[in-house]
Structures are given as structure tokens and as C-alpha cells.
Amino acid sequence: MNAIEKTSSEINGTAQDTRQDLHRTIDKVASQAQPLADKVATRAHDSVDQVGDRIEQVSDTVSKASERLMARGKQLGAACQHAGETGRDYVRERPAMSLLIAAAAGYGLSKLLGSRK
């Protein structure tokens with residue numbers, strides 16, 4: 001039994017050494033993994049911030065373009081209203097001439113559209 005006890009003792013000692021080696025290896029890997037995880041997290045946060053900045057830039061550009069289009073639309077509406085008022089004034093001042101111009105325009109359009117047959 002002495003040999004068995006000696007072998008058992010050696011196996012227990014080897015198991016203890018192996019267990020300690022594994023714990024040290026796990027601790028070493030964990031200590032190296034944490035800085036890598038921190039680095040990956042930092043880069044991910046930076047990327048999200050950059051994408052957010054780009055989205056804000058696009059949003060600002062779209063907003064400015066929308067404002068310019070609205071201003072142009074108002075200008076165009078005002079110009080159309082002015083042209084309409086000018087046309088009404090012209091018709092009130094010169095009804096006979098306006099009637100002749102309208103008839104000539106109608107005749108010209110009928111010839112243009114009628115020749116498409």
C-alpha cells in the first residue's frame with residue numbers, strides 16, 4: 001500500500017500544480033482580454049459618434065435645402081400672383097386687344113394640337 005499511497009500523493013501533487021498553472025493561465029488571458037475589450041468598445045463608441053455626426057450633417061444640409069426651396073416657392077408664388085394681377089389689369093384696360101390675343105392664341109394652339117393626328 002505504500003506504493004499506492006506514494007503514487008496517489010504524486011498524482012494529487014501533480015493535479016494541484018496543474019490546477020494552479022491553469023488558474024494562472026486563465027488569469028493571464030483574462031488580464032490581456034480586458035484591455036482588448038476596452039479598445040474594441042472605445043473604437044465602437046467612436047464609430048457611433050462619427051456616424052451620428054454624419055447624420056447631423058446630412059440633416060442640416062437637408063434642412064437648409066428645404067428652407068431654400070420654401071423661400072423659392074414663396075418667390076414663385078408671389079411672381080405668379082403679380083403676373084395674374086398684371087394680366088387682369090391689362091384685360092380691364094384693353095378688353096378688345098385681350099380678346100384678339102386670346103383668339104389668336106386659341107387658333108395657334110388648335111393648329112399645333114390638331115396637326116398631331
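Met70 counts as exposed, because its relative accessibility is 51% and the threshold for that class is over 50%. The model is a predicted one, and the position of Met70 in it is within helix α1. Computed from C-alpha to C-alpha, Met70 and Asp89 stand 28 Å apart in space, with a separation of 19 residues in sequence.

**Salt bridges**
- Side chains of opposite charge can pair when their charged atoms come close.
- In the whole structure, the search finds 3 salt bridges.
- One of them joins the side chains of Asp21 and Arg24, with an N to O distance of 2.7 Å; because these two residues are 3 apart in helix α1, about one helical turn separates them.
- Asp21, for its part, has a relative accessible area of 42% and is therefore partly exposed.
- Arg92 and Asp89 form another salt bridge, in which the closest N and O atoms are 3.8 Å apart, and since they are 3 residues apart in helix α1 they too are separated by about one helical turn.
- Within this pair, Arg92 is exposed at 63% relative accessibility, whereas Asp89, at 38%, is partly exposed.
- Glu93 and Arg94 also meet through their side chains in a salt bridge, at 3.6 Å from N to O; Glu93 counts as exposed at 57% relative accessibility, while Arg94 is partly exposed with a relative accessible area of 39%.

**Patch of negative charge**
- On the surface, Asp46, Asp49, Asp53, Glu56 and Asp60 gather in a patch of negative charge.
- Asp53, one of these residues, lies in helix α1 and counts as partly exposed because its relative accessibility is 43%.

**Nonpolar patch**
- A nonpolar patch on the surface is formed by Tyr90, Val91, Met97, Leu100 and Ile101, which together have about 470 Å² of accessible area.
- Two or more residues of this patch come from each of the elements α1 (2-93) and α2 (95-114), and α2 gives the most, with 3 residues.
- Met97, a member of the nonpolar patch, is located in helix α2 and, with 44% relative accessibility, counts as partly exposed.

Key:
Residues are numbered from 1 along each chain as its sequence is written. This is a predicted model: local features need pLDDT of at least 70, side-chain atom pairs count only at pLDDT 80 or more; totals for chains, interfaces and linings use all residues. Side-chain values use heavy atoms; hydrogens and water are left out. Patches are made of residues with over 30% relative accessible area and no salt bridge: like charges are joined within 9 Å, nonpolar side chains (Val, Leu, Ile, Met, Phe, Trp, Tyr) within 5 Å. Accessible areas come from the Shrake-Rupley method with a 1.4 Å probe; for residues, only the protein chains shown count as cover. A salt bridge is a side-chain nitrogen of Lys or Arg within 4 Å of a carboxyl oxygen of Asp or Glu. Helices (H or I, at least four residues) and strands (E, at least two) are DSSP runs, numbered from the N terminus. Buried means under 20% relative accessible area, exposed over 50%, partly exposed in between (1.4 Å probe, protein chains only). Lys and Arg count as positive and Asp and Glu as negative; His and the chain ends are not counted. The place of a charge is taken as NZ of Lys, CZ of Arg, CG of Asp or CD of Glu.
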